[in-house]
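Could we walk through this model together?

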Amino acid sequence: MIRLAAILLAFLLAAPVRADDLDVRDVILCPGPAGTAPEFTGPACRRTTLDAIDSQDGPVWIRATFRLPRTDRLPGLRIAAMAASEVWWNGTRLGANGRPGADASTEIPGTFDAVWPLAPPVLRPGDNLMVAHLSSWHQPWRVGHSVVQIDIEEYTGPQAPLLRYYLPALATAGIFAIAAIFFGGAWFTDRRNMGSLALAALSAATLAQLAVEVSRGVLPLPYPWQGPRLLVIMICASGVGMAMLAYAAWHYRRDGLAAWMAGGAVAMVSVWLLPIAEDKRSMLVLALGASGAIAAVSTAALRHGEKGPRAKLLLAALAAFITLLALQPDFLDGALYLTLGGLAVILFADQILVLRKAQREAAIAAMRAAGLETALLRQSIAPHFLLNTLNSLVEWVESDPKAGVEMIELLGDEFRTLARIASQPLIALDEEIELCRAHLRLMAFRTDVRLGLDVDGDTANLQIPPGVLLTLVENALVHGRYADGASFSLKIVRARTVLGSLELTTPASLRGGDGSLSTGTGLAYIGAQIAAAFGAAATVDARAVRGNIWRTTIVTGALP
């Protein structure tokens, strides 16, 4: 394992493949339109380096001397540039990539990568002279480095060397594709866990960036596409950086999540505006995202407790990622995705641990809820309840047969509704409210006290575990006695498309007794059902607010 890690590290830090003993001397650049090559001695000509050549201000002529290493393999001259080009080698014209022109109307754009074979007839032992003419009139916008590469390599066609260079990175594509599907599905299953969404976004952005990066090795891209290609890579890299920050802030700085994300977005946009090369901007937004994630995680890493070891491991992985970026100042291309793959493995493992813990807690809560639900139903349909209801029925049938029949129908409707919803994890909040009102109408026959339920808030498309509000209402009726015409009050707070909190307030009781759920099966049932539906962050609180008025507050944990 150590040997494998050493090999991977060596690959990540290795420079791009090129001829190590290639000697390039006397690089001279002269402005000038197409036609006969200049003498390269005029006042407008200047000495430069291959890396500093720029044809964005007008056509340029280049002359450079190459001393080639001895080799039995066919060499090739590669020019990777945002420019049309025409090339001569030792006075022999190799060909053109597009057609350089004095303006946009006379230029024919070529491909970004052009490779010409250097056959033995044009080669000389020792020094070889290259002359090239470049123009960049169709570049969509000005870039920091229009000529990316002028180099000698083994000739195997224009795309094959690039594809071999990107091949190690393609091995990570499957990992990120599977992760995008897995964590995307996990988020759709439970949209409260934004950690899964952050990792799905990170995987999708990395996969998109990899696809755009590798497109250079697969497709003969016209050079005007290179600028937009670099822009897309930078946008994808910004998405990866923001996803790193979002993941760390969600798990370790959730209270200030909005501020962390806003700060990260401002930093990313600021990098976009810097007057530096596009590749370096992409590197910088990745480093900023990882640095922000380190800042979000660092406090938790110093604490003892459940999150401490996870935070320390994540902190080490993020620090290693930034170190590798710093050690490789040029854009990492293929090695970047291997580096990201290593970091992603730590992030994925961390989130899987979180998901497994949530699943265990949900399973335990569901088991508790199932057992308590059975106990509650047995308690609700206890003999005294049936006997009292039947006694009331006898009295109503004898005194008012029509009212007795209505009471029987209401009782049957309530039992049928309870039987239908008992096995469902969630039902519409409107349906639960209607069940409570039906129960109050039924109890009015027994107590001759008509009670209402007032609702404050929007209930549309909200869901709740079955029987939660009914248990609160029934508990209040058992422990309290209320004036005719009084009403329960239900206040609803939404968290966008899901339930944020419920607050049920009883009328003032006319007799002693708390009417609360401070102990007993009812409170345990509600707590278990709420935890199973909304997660461990959900809470239930019942307390007296004044006199004999009691208020029970259910918070789902979805509110910021």
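Colleague: Before we start, what should I know about the numbering and the confidence limits?
Modeller: Residues are numbered from 1 along each chain as its sequence is written, and side-chain values use heavy atoms, with hydrogens and water left out. This is a predicted model, where totals for chains, interfaces and linings use all residues, local features need pLDDT of at least 70, and side-chain atom pairs count only at pLDDT 80 or more.

Colleague: Which are the edge strands of the open sheet of five strands?
Modeller: Strands (E, at least two residues) and helices (H or I, at least four) are DSSP runs numbered from the N terminus, and two strands pair if DSSP finds at least two bridges between them. The pairing here is mixed, in the order β11-β13-β14-β16-β15. The strands that pair on one side only are β11 (452-456) and β15 (539-546).

Colleague: Which residue of β16 is the bridge partner of Asp541?
Modeller: Strands β15 and β16 (residues 549-555) run antiparallel and are joined by seven bridges. Within β16, the partner of Asp541 is Thr553.

Colleague: What angle does the direction of helix α13 make with that of β13?
Modeller: Helix α13 (residues 468-479) packs on the sheet and touches β13, β14 and β16, contact meaning heavy atoms within 4.5 Å. Axes are lines fitted to C-alpha atoms, for helices over the stretch in contact, and angles run from 0 to 180 degrees between N-to-C directions. For α13 and β13 the angle is about 155 degrees.

Colleague: Which residues have the most contacts inside the largest nonpolar core?
Modeller: A nonpolar core is a set of buried Ala, Val, Leu, Ile, Met, Phe, Trp, Tyr and Cys residues joined through side-chain atoms within 4.5 Å. The largest one has 47 residues, and α5 (226-252) and α8 (307-327) are among the elements that give it two or more. Its residues with the most contacts inside are Met244 and Phe321.

Colleague: Is His251 buried or exposed?
Modeller: Buried means under 20% relative accessible area, exposed over 50%, and partly exposed in between (1.4 Å probe, protein chains only). His251 lies in helix α5. Its relative accessible area is 7%, so His251 is buried.

Colleague: Which side chain is joined to that of His251 by a polar contact of 2.7 Å?
Modeller: A polar contact is a pair of N or O atoms within 3.5 Å; within protein, one must be able to donate a hydrogen and the other to accept it, and residues adjacent in sequence count only if both atoms are side-chain atoms. Not counting residues up to four places away in sequence, His251 touches several residues, including Arg310 and Asp350. The side chain in the polar contact belongs to Gln351.
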